[in-house]
Amino acid sequence: MERVLIVEDDENIRQLLKLTLASFNYELVDFENGKDAYDYLQNHIVDLAR
């Protein structure tokens with residue numbers, strides 16, 4: 001399964017992106033800010049970042 005990283009500070013937009021992408025059966029990882037996403041990427045691989 002392809003892993004998609006979502007970084008968005010607006011909770012409503014982040015939830016909308018998650019709902020939309022989940023319908024395509026992606027594994028989703030989401031963060032509210034770039035620092036947390038950067039920290040995650042130090043130990044994980046994603047297929048797409050938005």
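**A helix and its surroundings**

Tutor: Asn 25 is exposed, with a relative accessible area of 57%; here exposed stands for over 50%, buried for under 20% and partly exposed for values in between, with a 1.4 Å probe and protein chains only. The residue is located in the loop that joins H1 to S2, and its phi is near 65°, a positive value in a residue other than glycine. Helices (H or I, at least four residues) and strands (E, at least two) are DSSP runs numbered from the N terminus.

The model is predicted: local features need pLDDT of at least 70, side-chain atom pairs count only at pLDDT 80 or more, and totals for chains, interfaces and linings use all residues. Residues are numbered from 1 along each chain as its sequence is written, and side-chain values use heavy atoms, with hydrogens and water left out. The protein chain has an average pLDDT of 95, and 100% of the residues score at least 70; pLDDT is the predictor's confidence in each residue, from 0 to 100. Among the elements, H2 has the highest mean (98) and strand S3, residues 48-49, the lowest (88).

The part to examine is H1 and the segments beside it. With 12 residues, H1 reaches 16 Å from its first C-alpha to its last, close to the 16 Å expected at 1.5 Å a residue; the expected span is 1.5 Å times one less than the number of residues. Arg 14, Leu 17 and Leu 21 of H1 are buried. Viewed down the axis, the buried residues of H1 fall within an arc of 65°, so they line one face of the helix; the arc is that of the directions from the helix axis to the C-beta atoms. This buried set packs against S1 and strand S2 (27-31), where contact means heavy atoms within 4.5 Å. Asn 12, Leu 16 and Leu 19 are exposed on the other side of H1.

The N-terminal end of H1 is capped by Asp 10, a side-chain oxygen of which lies 2.9 Å from the backbone nitrogen of Asn 12. Such a polar contact is a pair of N or O atoms within 3.5 Å; within protein, one must be able to donate a hydrogen and the other to accept it, and residues adjacent in sequence count only if both atoms are side-chain atoms. Asp 10 is itself approached by Glu 8, whose side chain reaches the backbone nitrogen of Asp 10 at 3.1 Å. Glu 8 occupies the loop between strand S1 (3-7) and helix H1 (11-22) and counts as buried because its relative accessibility is 13%. Leaving aside residues up to four places away in sequence, Glu 8 touches Ile 13, Arg 14, Phe 31, Glu 32 and Arg 50.

Val 7 belongs to strand S1 and is partly exposed at 27% relative accessible area.

Charged pairs complete the picture. The whole structure holds five salt bridges, a salt bridge being a side-chain nitrogen of Lys or Arg within 4 Å of a carboxyl oxygen of Asp or Glu. One of them joins Glu 27 to Arg 3, with the closest N and O atoms 3.1 Å apart. This pair links distant parts of the chain, Glu 27 in strand S2 and Arg 3 in strand S1, 24 residues apart. Both residues are partly exposed, Glu 27 at 31% and Arg 3 at 22%.

Another salt bridge, at 3.3 Å from N to O, is formed by the side chains of Asp 30 and Lys 18. It too links distant parts of the chain: Asp 30 is in strand S2 and Lys 18 in helix H1, 12 residues apart. Asp 30 counts as partly exposed at 26% relative accessibility, as does Lys 18 at 23%.

Lys 35 is exposed at 56%, whereas Asp 39, at 35%, is partly exposed. Elsewhere, salt bridges that share partners join Glu 11, Arg 14, Lys 18 and Asp 30 into one network.
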